[in-house]
Amino acid sequence: MTRTMDYYEKQNNHPNHGVHNTDIGVSYTPSTDSPGLCAFILTIISYLLIIATFPFSLCLCVKVVQEYERAVIFRLGRLLKGGAKGPGIFFIVPCIDSYRKVDLRTVSFDVPPQEILTRDSVTISVEAVVYYRVSDPIAAENNVEDYSHSTRLLAATTLRNVLGTRNLAEILSERESISATMQSSLDDATDPWGVKVERVEIKDVRLPVQLQRAMAAEAEAAREARAKVIAAEGEQRASRALKEAAEVINESPAALQLRYLQTLGQISSENNSTIIFPLPIDILTHFLRKNNTESKEDD
């Protein structure tokens, strides 16, 4: 606020009587020229009416603004010196003074869904949320007709402009950097209006149905490929384990009989209705000895 009033005081001697052009637009400053005879007469009459109707005139002269509000006062259409009033009590002169309250609290709004064509020619619908507050009440009232509506329109166009330069993959994965870029761009554009953009968040990114199906099919195919690779690796490890187990059993003939008994125990505990016909181990031993004899003769 101090910076704004210093700026206004430096411009008091401007030849355009309070209105001048800058690089960022038109700025309005309090006029220092004589208000004229008519304005002087109206001011005298207003003060006389206040004195004549005192103390009833206090109902019209005394105004109150809340802690989060400021009042911008205009006297006969000219910006009153001293800057915005508030918070608390301030006085106006009826008939010649008018004032507007400006809310300094943070305001949030949803940016309507925007149909955007990305850099890789994909049409998406994007929604965002913008948080802003008024930092300069005088600029918010004098430099723009409706700062709230203007900020909303600028947020929608900025959202389209920023996302139009990004690929779909970047939009989906770099939301924080995109939000920071939008916040900086909006803050620079709304600074002449006395508006401070505090935060911008991308709320939702909607893809076309066909693109969603294509991406789902691609992801499913990738998952199936990984599943097949994992299954093949499991079979490879299982075959190595079976090979090692077979070598251990071959070295110890009693291990085969123990494994046989263990298998019978598992079958009897899991499938109680299964009928088991045991095979004598001696028969298996006879065949094993016969195979060993044949193998030695071949050697």
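This section describes a strand arrangement, the salt bridges, the cysteines and a nonpolar surface patch in a predicted model. Residues are numbered from 1 along each chain as its sequence is written, and side-chain values use heavy atoms, without hydrogens or water. Because the model is predicted, local features need pLDDT of at least 70 and side-chain atom pairs count only at pLDDT 80 or more, whereas totals for chains, interfaces and linings use all residues.

Three strands form an open antiparallel sheet in the order E5-E4-E7 (strands, E, are DSSP runs of at least two residues, and helices, H or I, of at least four, numbered from the N terminus; two strands pair if DSSP finds at least two bridges between them). E5 and E7 (97-103) stand at the edges with a single partner strand each, so one side of each has no neighbour in the sheet. The antiparallel pairing of E4 and E7 runs over seven bridges, and Glu 69 stands opposite Asp 103 in E7.

Twelve salt bridges are counted, a salt bridge being a side-chain nitrogen of Lys or Arg within 4 Å of a carboxyl oxygen of Asp or Glu. One of them joins Asp 97 and Arg 75 at 2.7 Å, N to O. Asp 97 lies in strand E7 and Arg 75 in strand E4, so this pair ties together parts 22 residues apart in sequence. Asp 97 is buried at 11% relative accessible area, while Arg 75 is partly exposed at 23% (buried, under 20%; exposed, over 50%; partly exposed, in between; 1.4 Å probe, protein chains only). A salt bridge also links Glu 127 and Lys 203 at 3.7 Å, N to O. Glu 127 is in strand E9 and Lys 203 in strand E10 (residues 195-206), 76 residues apart. Glu 127 is buried at 12%, and Lys 203 is partly exposed at 42%.

Zero disulfides are found in the whole structure (a disulfide is a pair of cysteine sulfur atoms within 2.5 Å). For Cys 95, the nearest cysteine sulfur, that of Cys 61, is 9.4 Å away. Cys 95 is exposed at 72% relative accessibility, as is Cys 38 at 56%.

A nonpolar surface patch with about 960 Å² of accessible area together includes Leu 37, Phe 40, Ile 41 and Leu 76. Patch residues have over 30% relative accessible area and no salt bridge, with like charges joined within 9 Å and nonpolar side chains (Val, Leu, Ile, Met, Phe, Trp, Tyr) within 5 Å; accessible areas come from the Shrake-Rupley method with a 1.4 Å probe, and for residues only the protein chains shown count as cover. Leu 76 lies in the loop between strands E4 (69-75) and E5 (78-79) and is partly exposed at 34%.
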